[in-house]
Amino acid sequence: MSGDLEARLLASLPSIAAFEALGEQGIGPGSFTQWRPLYDYIAEVVLDNRHLPRLVDLKATFNLPPHIRREPHEYDWLLQEFRRLTLAQQVQSLLDRVIETYGEQPE
């Protein structure tokens, strides 16, 4: 599920401004656990050429599943879902660390 959401979010980027806004919202390379190379590639193309890579290039380079499309109208919803998922993962990670540290002596 998260890998699909990552790929769909990155493929649906509507503009360079939207990509740059990810970082302003705390979403960076480390946020993408399954598709980090895709994120890094987009970042490199944006930095070097000031445009988003074409979807056909992303699909050819990263072997994206056929159902991944550039759907800018879905972007806001995908971003919201991605933020929810990453927040839930961060909370779970924090709980796991606390339980590992204090599980046997919770007081």
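1. Leu10 lies in helix H1, where helices (H or I, at least four residues) are DSSP runs numbered from the N terminus. This is a predicted model, in which local features need pLDDT of at least 70 and side-chain atom pairs count only at pLDDT 80 or more, while totals for chains, interfaces and linings use all residues. Residues are numbered from 1 along each chain as its sequence is written, and side-chain values use heavy atoms, with hydrogens and water left out.

2. Is Leu10 buried or exposed? Leu10 counts as buried because its relative accessibility is 0%; buried means under 20% relative accessible area, exposed over 50%, and partly exposed in between, with a 1.4 Å probe and protein chains only. Leaving aside residues up to four places away in sequence, Leu10 touches Phe32, Trp35, Leu38, Tyr39 and Ile42, where contact means heavy atoms within 4.5 Å. Leu10 and Arg69 are 59 residues apart in sequence, and their C-alpha atoms are 9.8 Å apart in space.

3. Helix H3 covers residues 36–49, and its 14 residues should span 20 Å at 1.5 Å a residue, which agrees with its end C-alpha atoms being 20 Å apart; the expected span is 1.5 Å times one less than the number of residues.

4. Which residues of H3 are buried? They are Leu38, Tyr39, Ile42, Val45 and Val46. Seen down the axis of H3, these buried residues fall within an arc of 130°, so they line one face of the helix; the arc is that of the directions from the helix axis to the C-beta atoms. What covers them includes helix H1 (2–11), helix H2 (16–24) and helix H4 (55–62), whereas Pro37, Glu44, Leu47 and Asp48, on the other side of H3, are exposed.

5. Arg50, which follows H3, is placed in the loop between H3 and H4, and its phi is near 55°, a positive value in a residue other than glycine. Asn63 lies in the loop between H4 and H5 and has a phi near 50°, again a positive value in a residue other than glycine. Asn63 counts as exposed because its relative accessibility is 65%.

6. Val91 is found in helix H5 (residues 75–102), and it is partly exposed because its relative accessible area is 44%.

Definitions and conventions
Helices (H or I, at least four residues) and strands (E, at least two) are DSSP runs, numbered from the N terminus.
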